Amino acid sequence: MKCPACNADIGIVRACPVCGKPIQYGGNTVIFQQASLSKLSWRDIFSETFRRHHSGDTERVFRSSFRSQADALSQWQKPWLFSRVFLILLLIALFMMKMFDVGFLPTFLYPFVMIGSTLVPLTLLILLWELNILRHIAFHEVLLLVLVGSLFSITSAAIINTRIGGPAIIAPFTEEPIKLLVAVAFMGIKKKPFSILDGLVIGAAAGCGFELMETLQYTVTSEYLLLELLNRGFSAFWGHVLYTAPFVGALCWVMNGEPFRLGHLVDVRFLLFFGLGMGMHLLQNSATLFFQFRVGLLFISFNNIVQLILLWAALLFLVNLGFRQVLQKSTGHTIALFDQSSKALPSEATASLVCNKGPLQGARVPLEMGKPVIIGRDPSACGVVLSSAAKGISRAHCKVTLTGAGVLLRDMDSTYGTFGQDGRRLPPGQDVFLANRESFSLANGSNVFEVQM
C-alpha cells in the first residue's frame with residue numbers, strides 16, 4: 001500500500017511512519033477498524049440510527065459516484081434513513097387504518113394495501129443500500145430493478161407454479177432460481193465488477209420486488225384482508241429480501257469482480273447461502289408449525305424465530321465480509337486495515353490540546369486518558385470555554401478524548417460544524433483519529449486547535 005501524502009510503501013498502520021500523516025476514514029475510523037477484524041455487530045451498525053441528521057446527510061445517502069475509494073470511505077454514514085422511511089410509512093398506514101374506523105374504507109383500501117405491502121421490504125432495501133460503501137449502481141437503477149424484476153419474477157413464478165401445481169412447499173424451488181436469474185441478468189446488463197455489498201443490494205432489490213407483488217396478490221384476494229396484510233407484512237422481516245440478498249451477495253463474493261460464469265454457481269460459498277435461502281423459504285411454507293402463538297393479530301411460530309436468527313446472522317456475516325473486501329482493495333489510495341498488530345498508546349501516554357488561532361491562542365490543555373475535553377460556549381459543560389459572543393460556536397461544539405488507541409475528535413452536532421485539517425466538515429457524532437500535530441477548526445475557522453503528543 002502507498003501513503004496518499006508521500007507515496008511511501010506502508011504496512012497496516014494508523015499513521016505513515018515516513019511523513020507522519022494519519023491514515024483515516026473520515027468519521028468512520030472506529031467502525032471500519034471493527035469491520036476489518038470481522039467484529040462488526042448490529043449494535044455498531046445501528047448506533048447512529050436515531051441521531052439527529054441534516055439535509056446534507058440525506059444527499060450523501062443517495063450519492064453513488066466518488067472520486068476514489070478513499071473518498072467513499074470518508075463520506076460513508078452509518079445507516080439511518082431506513083428508520084425514517086419505516087416510521088413515515090408506518091404512520092401513514094396507521095392513519096389509513098383509523099380512517100377505516102370512521103367509514104372511509106373504500107377510499108383508503110388500495111393505498112393502504114400498497115403501503116402495507118411496501119413498508120418492510122422497502123425499509124430493508126434502503127438499509128442495505130446505506131450499508132453499501134462504494135455503490136457501483138445508482139439508486140434509480142435499484143428502483144428500476146425492483147419494478148421490472150418484480151413483474152418478471154412474479155409472472156414467471158405464477159406460470160410455472162400453475163403448470164406444475166402442488167402444495168406451497170414446492171414454491172421455493174421455482175421462486176428462488178427466478179430471483180437469482182433476475183439478479184444475474186441485471187449484473188450482466190451493467191457489465192461492472194460488483195462487490196459483496198453491491199450483491200446484497202441487488203439481491204435485496206430482486207427480493208423486495210417479489211415480496212411486494214406477492215403480498216399484494218395474496219392480500220387483495222383474501223377474505224381477511226387486514227389479517228393477511230399484517231401477517232405477511234410482519235413476516236417480511238425474514239422474507240424474500242433476506243432469502244435473496246445473502247445468496248446474491250455470496251455470488252458476488254465468488255465472482256470477485258469477474259464477469260458471471262455458470263461455474264460460479266457450483267462454488268461451495270454460493271451454494272451454502274443459496275441453500276440457506278431455499279431452506280428458510282421451505283420452512284416458511286411448511287405446513288408444520290412449531291410452538292405457534294399469537295400476539296394481537298400476529299401469528300408467530302418457532303419456525304419464524306429460527307428464520308429471523310439465521311437470516312440476520314448470515315446477513316451480518318456478509319456485511320462484515322463486504323466491509324473487509326472494500327477495505328482491502330486500493331485504487332491508488334491507501335486503504336488501511338486495523339488488525340491486532342495495531343499498537344495502542346501506553347496508559348501513561350500524554351497529550352495536549354493547543355489553540356493555534358483565536359482568542360485562546362497559545363493556551364494548552366492537558367488531555368487525560370479517557371476523560372473528554374469539550375470545547376464550546378457553556379462554562380458548566382466545557383473544559384475549553386469560548387466567549388458567548390463567538391460566532392458559529394455551539395454551547396457544546398466538539399470534544400477531544402485521549403484513548404488507548406489514540407486521540408479522538410467528535411463533533412457534537414454543532415450547528416456550523418467542525419472541520420478537519422483538510423478542510424472537510426466532520427460527520428456529527430462520529431469519532432475521527434487525530435495524529436500528532438494535526439489541527440482542526442471550528443465553524444468559520446476563527447478558532448483552530450492542534451493535538452500535540
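Residues are numbered from 1 along each chain as its sequence is written, and side-chain values use heavy atoms, with hydrogens and water left out. Because the model is predicted, local features need pLDDT of at least 70 and side-chain atom pairs count only at pLDDT 80 or more, while totals for chains, interfaces and linings use all residues.

**Overall make-up**

- The protein chain holds 13 helices and 12 strands, where helices (H or I, at least four residues) and strands (E, at least two) are DSSP runs numbered from the N terminus.
- Of the 453 residues in the protein chain, 52% are buried, a term that means under 20% relative accessible area, with exposed meaning over 50% and partly exposed in between (1.4 Å probe, protein chains only).
- Among contacts (heavy atoms within 4.5 Å) between residues at least 6 apart in sequence, 64% join residues at least 24 apart.

**Nonpolar cores**

- A nonpolar core is a set of buried Ala, Val, Leu, Ile, Met, Phe, Trp, Tyr and Cys residues joined through side-chain atoms within 4.5 Å, and in the largest one, which has 86 residues, Leu131, Ile133, Met187, Ile202 and Phe323 touch the most other members.
- Helix α6 (residues 105–131) gives the most to this core, with 13 residues.
- A second, separate core of 22 residues includes Ile375, Val407, Val432 and Ala443.
- Leu131, leaving aside neighbours within four places in sequence, is in contact with residues including Trp42, Trp76, Leu197 and Phe323.

- Strand β12 pairs (two strands pair if DSSP finds at least two bridges between them) with strand β3 (residues 351–357) in the antiparallel sense over five bridges, and Lys357 stands opposite Val448.
- Strand β11 (residues 439–442) also runs antiparallel to β12, joined by four bridges, and here Ser441 stands opposite Val448.
- The hairpin of β11 and β12 has four residues between the strands, and Ala443 takes a positive phi near 50 degrees there.

**Salt bridges**

- The structure holds 13 salt bridges, each a side-chain nitrogen of Lys or Arg within 4 Å of a carboxyl oxygen of Asp or Glu.
- Within helix α3, Asp57 and Arg60 lie three residues apart, about one turn of the helix, and their side chains meet in a salt bridge (3.5 Å, N to O).
- Asp57 counts as buried because its relative accessibility is 5%, and Arg60 counts as buried because its own value is 19%.
- Arg60 also touches Ser74, Gln75, Trp76, Gln77, Arg135 and Pro427, not counting residues up to four places away in sequence.
- Asp378 and Arg395 form another salt bridge (3.4 Å, N to O); Asp378 lies in the loop between β5 and β6 and Arg395 in the loop between β6 and β7, so the pair ties together parts that are 17 residues apart in sequence.
- Salt bridges that share partners join Glu48, Arg51 and Asp413 into one network, in which the side chains of Arg51 and Glu48 meet at 2.6 Å, N to O.
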